[in-house]
Each structure stands twice: as structure tokens, then as C-alpha cells.
Amino acid sequence: MEHTVSADTYVDVTLRVNGSARQLRLDSRVTLLDALRDELDLTGTKKGCDQGACGACTVLLDGKRVLSCLTLAAQCEGGEVTSIEGLATDGRLHPVQEAFIRHDGFQCGYCTPGQIMSAVALLQEGRAGSDEEIREFMSGNLCRCGAYPNIVAAIREVAGRGSE
């Protein structure tokens, strides 16, 4: 039996992504992750588990971190989405991106965009008071290579505490 999608399941959505409004016509079930990657060609946000368990798809929605694999694109109407591609300004990397490079906060690099986006939000939330707190609030972002000590060091640096 062939599965068909009726025209009434499509919605017109205006997404504000990395400072630019983008108008899309999407199936109402399309996730923000798939809209970013497949419709807007912003492939920095990674598809890991597609179940909200790994954090590879973390982006910011109105400054708060969200798992884009669990967020419908239509839910983002009127919100400001920031993906890893939107962190750099005027050709200069975000301080968290620079710190990840300095501290080798990545190995294979697959989880790095989600880690960085989560770290940016963690810092904005003021949740980098200690290494333990950083680890707790970064626990939703998994790194199968085990770069956790370097990730914590990068976040600690940006938080202004140097090395401990």
C-alpha cells in the first residue's frame, strides 16, 4: 500500500535563522533539524541519535538550547534560531569556538557543533560556576571520543576562570 501525504499536512513557516528570515513550505511533521539540514543546507547541526539522547543536534531557540531533532520546525515560527553557522560574527569565531580549538575540545568533531551550542547556552545561563556544574549542565551532550576534560577546560576559560 502506498503512503501519501495530503496537501493539508503542509504548512508555511517563516524561520528566522542566524539573523535571516527564511520562508519555507514544509510537511507539518518536519523537525527543525531536518529543516536546517535539508531545506536550508545548514549541515553543521548534526543528526546523531534522532531521539534526543545525544545532543549532537543542539541549537539555540530564542537563546535557549533545544534539541532540534525533537522540535518541529513549525513550532519555531516567530522565534530566533541560531545554529553553529550563526555563531561567528564578521568572520571572527565565537569565543567558545576559539576556546574549543585552543583546548582541543573535539576529536572526531561530530559532536562538536552541539557541544559548542550547548556551551554557549550554559555560559549565557550562568551555569559555569564550577567544573562539576559544567559537567552537569553539559551532560546531555555526548562525546564518544571522550574529549570531556578538554571541553570543560574550554568552557572554564570562556567563563573567565582560567585553569583549575
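Trainee: Where does H103 lie?
Mentor: H103 sits in the loop that separates helix 2 (95-102) from helix 3; helices (H or I, at least four residues) and strands (E, at least two) are DSSP runs, numbered from the N terminus. The model is predicted, so local features need pLDDT of at least 70 and side-chain atom pairs 80 or more, while totals for chains, interfaces and linings use all residues. Residues are numbered from 1 along each chain as its sequence is written, and side-chain values use heavy atoms, without hydrogens and water.

Trainee: What is the relative accessible area of H103?
Mentor: 26%, so H103 is partly exposed (buried is under 20%, exposed over 50%, with a 1.4 Å probe and protein chains only).

Trainee: Which residues is H103 in contact with, leaving aside neighbours within four places in sequence?
Mentor: N150, A153, A154 and E157, contact being heavy atoms within 4.5 Å.

Trainee: What joins the side chains of H103 and E157?
Mentor: A polar contact of 2.5 Å; the term means a pair of N or O atoms within 3.5 Å, within protein one able to donate a hydrogen and the other to accept it, and residues adjacent in sequence count only if both atoms are side-chain atoms.

Trainee: Now the sheet. In what order do the strands come?
Mentor: The order is 2-1-5-3-4, in an open sheet of five strands with mixed pairing; two strands pair if DSSP finds at least two bridges between them.

Trainee: Which strands stand at the edges?
Mentor: Strand 2 (20-27) and strand 4 (64-67); each has a single partner strand, so one side of each lacks a neighbour in the sheet.

Trainee: In which sense do strand 1 and strand 5 pair?
Mentor: Strand 1 (residues 10-17) and strand 5 (residues 80-82) are parallel, over two bridges. R16 has E80 as its bridge partner in strand 5.
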